Amino acid sequence: MAPQEKIKLFTFYNSHFNILKDRFLSTLQDDYEVHCVLGDFEANHQPISHAVDMFIARSNMICDAIKNNMGKIIIVSDIDIQFFRKSESTVRESLKEYDMAFQKGDVHRPRNMGFIGINCSPQTLAFFEAVREEIRKTGRWEEIIINEFLDTNMAVTHTIFPETILTPVLSSRPSDIILHHAIAAGVSPKSKLKQMMQVERMLAAGTFSQFNSKKLGNSLLSQLHHVHKQRKEKGAYVA
């Protein structure tokens with residue numbers, strides 16, 4: 001049997017997040033072909049006002065990655081992730097019968113796009129091109145758009161990774177997690193790194209079941225909606 005082709009992993013970040021990129025790469029357990037795409041957006045002191053530019057740039061990365069890897073599996077990952085075990089077998093198994101696999105989200109957005117497995121095909125390319133176009137028209141967060149589209153789009157199939165591909169908003173706290181996505185920790189690299197180090201310590205001490213992540217509530221979303229309204233009033237979107 002011929003060896004399986006190496007999976008390409010794409011992650012998107014800017015220079016303010018170098019500290020998270022270093023942790024991402026240093027904890028990676030698998031032999032992926034890693035592509036760290038550096039964006040020129042501002043995401044430190046004014047993370048919300050430049051969010052739409054980031055959403056579009058990240059969507060461009062995803063569309064280009066799919067287009068250039070037809071017939072192959074790719075992974076699209078946020079940079080605020082640390083790894084504790086190998087993930088490749090879980091990714092391949094999850095994509096055996098589906099076009100895409102997402103992290104489990106919350107009740108409002110059941111699919112989290114922090115770690116996505118994608119079977120590259122015309123169908124998945126068309127899906128993410130439609131997501132990109134919706135961002136351009138409305139300026140909305142791509143994770144909201146993806147969840148809405150997947151509720152109605154029958155042209156692509158998807159599944160949810162097991163909860164060992166962890167987001168801290170989940171109620172379960174498996175001790176054998178494959179990776180940890182540092183959400184609900186604020187938007188600064190330092191606050192995310194603090195959560196990462198806390199998770200690492202609690203896993204080592206066997207106390208991870210007691211982990212309680214900081215809640216962001218609706219503050220981030222309300223800021224995004226405010227920026228969307230301002231930009232729309234200024235004619236920043238194409239209808």
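Contact here means that heavy atoms lie within 4.5 Å. In this predicted model, 73% of the contacts between residues at least 6 apart in sequence join residues at least 24 apart. The protein holds seven helices and nine strands, and buried residues make up 51% of its 239 residues.

The description can start with the six-stranded sheet. This sheet is open, its pairing is mixed, and its strands follow the order S2-S1-S3-S6-S5-S7. Its edges are strand S2 (33-38) and strand S7 (158-160), each of which pairs on one side only. From one strand to the next, the twist averages 25 degrees.

Strand S5 (residues 100-104) pairs with strand S6 (residues 111-119) in the antiparallel sense, over four bridges. The two strands form a hairpin, with six residues between them. Four of the five residues of S5 are buried, so the strand is largely enclosed by the rest of the structure. As a reminder for reading such strands, side chains in a regular strand alternate between the two faces of the sheet.

Helix H1 (residues 18-27) lies across strand S1 (8-13), S2 and strand S3 (73-78), and runs at about 160 degrees to S1. Helix H5 lies across S5, S6 and S7, running at about 60 degrees to S6. H5 is mostly covered, with eight of its eleven residues buried. The buried residues of H5 are Glu 142, Glu 143, Ile 144, Ile 145, Ile 146, Asn 147, Phe 149 and Leu 150.

Several of these H5 residues return in the packing with helix H4, including Glu 142, Ile 145, Ile 146, Phe 149 and Leu 150. Helix H4 (residues 122-138) and helix H5 (residues 142-152) pack at an angle of about 125 degrees, and their axes are 10 Å apart. That angle makes H4 oblique to H5. The crossing of H4 past H5 is right-handed. On the H4 side, the residues that meet H5 are Phe 127, Phe 128, Ala 130, Val 131, Glu 134, Ile 135 and Thr 138. By class, the residues of this H4 and H5 contact comprise nine nonpolar, one polar and two charged.

H4 has a further helix partner in H2. Helix H2 (residues 51-67) packs with H4 at an angle of about 165 degrees, with the axes 9 Å apart. An angle over 145 degrees counts as roughly antiparallel, and H2 and H4 are therefore roughly antiparallel to each other. H2 passes H4 in a left-handed crossing. From H2, the contact draws on Val 52, Phe 55, Ile 56, Ser 59, Asn 60, Ile 62, Cys 63, Ile 66 and Lys 67. From H4, Thr 124, Leu 125, Phe 128, Glu 129, Arg 132, Ile 135 and Arg 136 take part. The residues of the contact of H2 with H4 divide into nine nonpolar, three polar and four charged. Phe 128 and Ile 135 of H4 are listed in the contact with H5 and also in the contact with H2.

A second open sheet contains three strands in the order S4-S9-S8, again with mixed pairing. Strand S4 (81-83) and strand S8 (165-166) stand at its edges with a single partner strand each, so one side of each is left without a neighbour in the sheet. S8 and strand S9 (residues 179-181) run parallel and are joined by two bridges.

Buried means under 20% relative accessible area, and Thr 164 is buried because its value is 16%. Not counting residues up to four places away in sequence, Thr 164 touches Pro 174, Asp 176, Ile 177, Ile 178 and Leu 179.

Terms used: Residues are numbered from 1 along each chain as its sequence is written. This is a predicted model: local features need pLDDT of at least 70, side-chain atom pairs count only at pLDDT 80 or more; totals for chains, interfaces and linings use all residues. Side-chain values use heavy atoms; hydrogens and water are left out. Axes are lines fitted to C-alpha atoms, for helices over the stretch in contact, and angles run from 0 to 180 degrees between N-to-C directions. Angles under 35 degrees count as roughly parallel, over 145 as roughly antiparallel, 65 to 115 as roughly perpendicular and the rest as oblique. A crossing is left-handed if the near helix is turned anticlockwise from the far one by less than a right angle, and right-handed if clockwise. Ala, Val, Leu, Ile, Met, Phe, Trp, Tyr, Cys and Pro count as nonpolar, Asp, Glu, Lys and Arg as charged, and the others, Gly among them, as polar. Two strands pair if DSSP finds at least two bridges between them. Buried means under 20% relative accessible area, exposed over 50%, partly exposed in between (1.4 Å probe, protein chains only).
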